[in-house]
Amino acid sequence: MSTVEAICLVGWGAIGQRVAALLRARGASARIVGIAVRDPKEVEGTMPEGAVHLASPEALAATGATLVVEAASRESVLPFARAALTAGMDFAVSSTSALVDVAVLDELVELAQRSGRKLIIPPGALGGIDALSAASRLGLDSVEHVITKPARAWLGTPAEQCCRLTELQEAEAFFEGSAAEAATAFPQNANVAATTSLAGIGMHRTRVRLVADPKAVENMHSIRACGPFGTLEIRLQNRPLATNPKSSEMTALNLVRLIENRTNALVL
Ligand SMILES: NC(=O)C1=CN([C@@H]2O[C@H](COP(=O)(O)OP(=O)(O)OC[C@H]3O[C@@H](n4cnc5c(N)ncnc54)[C@H](OP(=O)(O)O)[C@@H]3O)[C@@H](O)[C@H]2O)C=CC1
Ligand SMILES: O=C([O-])CC(=O)C(=O)O
């Protein structure tokens, strides 16, 4: 296997730029050969050396990449994953809320099978997804996921209709429902609910609570799963990314881990 992997990024926002900076700082061997954004001005002067702007999903094919990493938006997933898998590239999804749509998930899994490539769901902002996925092989009785973010991280989302975010004095749970409902209504904040579901007991049986906390400074994820394997309880307090408080640093770190593991001899 080659020790240098060519990758394309879909999205050059908080996560995409952080992944590139971390790879550079760590001296990783991966080369970023293409970056897709809708507005080319966004990448002007900031792209890594040797990378080209990709104006459309179809432009992926000419890059020679073997892995495409999406950190863009729910809408970007289907067209870019289709193009990447068709061109013989693996595709890693951050905006997992796109996969609430069973037709999208089924199409992409089938395409990956036909092309002999992989549709990859990284842990994103989470940890413990390996244990949850392992446990699910024996069946699970219940999975609950509580997402607590600083009140400002919910601005610009339907949470604004549920509570007065800027006037909150105490933490407020403003949503309870299935993971499908959470990820559909909050595609910028609750992709993790879809990730937990895919690893565990599905979008409709996974229960989600969303909390706005005016005193919180971190994005918190508490997951509790019960089943014949035993009980899993995990709690993460993630530092938000400076350029997007909705997204956690851990999401970028998990992508760096994924990219480095592709070529490392020791995979962890
Ligand atoms: N799975 C997980 O655990 C997590 C997932 N996320 C998700 O990851 C995604 C990226 O997050 P973040 O980096 O913070 O977001 P930002 O808003 O900081 O950046 C988004 C980037 O994607 C680009 N983009 C958006 N839509 C498209 C499109 N259709 N085609 C090409 N480029 C596009 C934007 O540029 P332009 O507008 O010019 O196209 C921009 O460069 C979001 O969907 C977020 O919800 C975030 C945290 C955790
Ligand atoms: O980064 C996080 O903590 C989670 C997040 O935004 C998401 O799942 O969309």
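In which helix does N191 lie? In this predicted model, N191 belongs to helix α6, which comprises residues 191–199.

**Domain arrangement**

The protein chain falls into domain 1 (5–124 + 249–261) and domain 2 (129–238). Taken over C-alpha atoms, the centres of domain 1 and domain 2 are 24 Å apart. Contact between them involves 12 residues of domain 1 and 14 residues of domain 2. On the side of domain 1 that touches domain 2, five residues are nonpolar, five are polar and two are charged.

**Annotated positions**

In an unreviewed UniProt entry, the annotation "binding site" covers A125 and N191. These positions span 67 residues in sequence, yet no two of their C-alpha atoms are more than 9.0 Å apart, so they gather at one spot. A125 is located in the loop between β6 (119–120) and α4 (129–136).

The surroundings of the two residues are as follows.

| Residue | Other C-beta atoms within 10 Å | Class |
|---|---|---|
| A125 | 26 C-beta atoms | buried |

A residue is buried if 20 or more other C-beta atoms lie within 10 Å of its own.

**Contacts of the two positions**

Note on methods:
Residues numbered from 1 in each chain as written. Chains lettered and ligands numbered in written order. Predicted model: local features only at pLDDT ≥ 70, side-chain atom pairs only at ≥ 80, totals over all residues. Domains from an automatic or database assignment. Contact = placed C-beta atoms within 7 Å. Nonpolar A, V, L, I, M, F, W, Y, C, P; charged D, E, K, R; others polar. UniProt positions renumbered as here; feature names shortened; annotations may be inferred. Helix = DSSP H or I, 4+ residues; strand = E, 2+ residues; numbered from the N terminus. Buried ≥ 20, exposed ≤ 12 C-beta atoms within 10 Å, placed from the backbone.
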